[in-house]
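Morning, everyone. Please have a look at it first.

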Amino acid sequence: MSGTPAAVTDAAAVIDAARERGWSLATAESLTAGAVVARLVDVPGASDVVAGGAACYSYTAKSRVLGVDAGLLERTGAVTAEVAAAMAEGAQRLYDADLAVSTTGVAGPGPDARGVPEGTVHLGIARRGGPARTREVRLSGGRAEIRALAVQEALAELAAELADPSEY
């Protein structure tokens, strides 16, 4: 699924929504290298709902820590919807969380070694009992801005999922 950049989502609102639902949260981060979980735990009381976050930058870490298929990574690279879904599912399992978000993408400068353009970001979301889903966004700016915007996108994904009243 493609998308445009998300509106600003407050990390405290995500923590409050998770607390209201009684859900635990986890992250699997490549592009953002732990910045999503850091934003979440900046909120007082986040320990009530944040199970943990895995910053897995290398293929080896994605495979060993999150269980992403090493062959998939070698074939496609890390910046794909399939990898984003696998990362989110891996974090959900690793932390036994109700909801997990993942980030993988290209912050730049320039495209990655496979030619994926700078600003391409795949987000994954895995919810206990249901299939993972993904969203692709195209972000612009310098490396730091793309990473910061990706954190915002990940928080928006968590907020949207927490606002969904359906159960799997």
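Before the first helix pair, a definition: an axis here is a line fitted to C-alpha atoms, for a helix over the stretch in contact, and the angle between two axes is taken between their N-to-C directions, from 0 to 180 degrees. Keep in mind that this is a predicted model.

Take helix α3, residues 59-66, and helix α5, residues 81-95: their axes come within 9 Å and cross at roughly 40°. Angles under 35 degrees count as roughly parallel, and α3 is therefore oblique to α5. On the α3 side the contact is made by Lys-62, Val-65 and Leu-66, and these meet Ala-86, Met-87, Gly-90, Ala-91, Arg-93 and Leu-94 in α5. Sorted by class, that contact holds six nonpolar residues, one polar and two charged.

Now the other pair. The axes of α1, residues 11-21, and α6, residues 143-163, also come within 9 Å, with a crossing of roughly 30°. That angle makes α1 and α6 roughly parallel to each other. The crossing of α1 past α6 is left-handed. Which residues of α1 and α6 meet? From α1 they are Ala-11, Val-14, Ala-17, Ala-18 and Arg-21, and from α6 Leu-155, Leu-158, Ala-159, Glu-161 and Leu-162. Eight of the residues in this contact are nonpolar, none is polar and two are charged.

The largest nonpolar core has 29 residues, and the members that touch the most others are Ile-15, Leu-25, Leu-40 and Leu-158. At least two residues each come from α1, α2 (35-41), β4 (99-105), β5 (120-127) and α6. Which element gives the most to this core? That is α6, with seven residues. Leu-158 itself touches Val-14, Leu-25, Leu-40, Leu-99, Val-101 and Ile-125, leaving out residues up to four places away in sequence. Another core, of 16 residues, lies apart from this one and includes Ala-26, Val-83, Met-87 and Ala-97.

Two single residues are worth a stop. Val-50 is in strand β3, residues 50-55. Is Val-50 buried or exposed? Its relative accessible area is 15%, so Val-50 is buried. Beyond its neighbours within four places in sequence, Val-50 contacts Ile-15, Leu-25, Val-37, Leu-40 and Val-41. Between the C-alpha atoms of Val-50 and Ala-91, which are 41 residues apart along the chain, the separation is 12 Å.

Thr-9 sits in the loop between β1 (2-3) and α1. With a relative accessibility of 12%, Thr-9 counts as buried. Setting aside residues up to four places away in sequence, Thr-9 touches Val-14, Arg-39, Gln-152, Leu-155, Ala-156 and Ala-159.

Last, the backbone. Gly-108 and Pro-109 are joined by a cis peptide bond, with omega about 5°. Pro-109 is in the loop between β4 and β5.

Ala-33 is not a glycine, but its phi is positive, near 50°. Ala-33 lies in the loop between β2 (25-29) and α2, and at 42% relative accessible area Ala-33 is partly exposed. Asp-96, not a glycine either, has a positive phi of about 50°. Asp-96 is in the loop between α5 and β4. Its relative accessibility is 51%, and Asp-96 therefore counts as exposed.

That is the tour; I will take questions.

Conventions:
Residues are numbered from 1 along each chain as its sequence is written. This is a predicted model: local features need pLDDT of at least 70, side-chain atom pairs count only at pLDDT 80 or more; totals for chains, interfaces and linings use all residues. Side-chain values use heavy atoms; hydrogens and water are left out. Helices (H or I, at least four residues) and strands (E, at least two) are DSSP runs, numbered from the N terminus. Angles under 35 degrees count as roughly parallel, over 145 as roughly antiparallel, 65 to 115 as roughly perpendicular and the rest as oblique. A crossing is left-handed if the near helix is turned anticlockwise from the far one by less than a right angle, and right-handed if clockwise. Contact means heavy atoms within 4.5 Å. Ala, Val, Leu, Ile, Met, Phe, Trp, Tyr, Cys and Pro count as nonpolar, Asp, Glu, Lys and Arg as charged, and the others, Gly among them, as polar. A nonpolar core is a set of buried Ala, Val, Leu, Ile, Met, Phe, Trp, Tyr and Cys residues joined through side-chain atoms within 4.5 Å. Buried means under 20% relative accessible area, exposed over 50%, partly exposed in between (1.4 Å probe, protein chains only).
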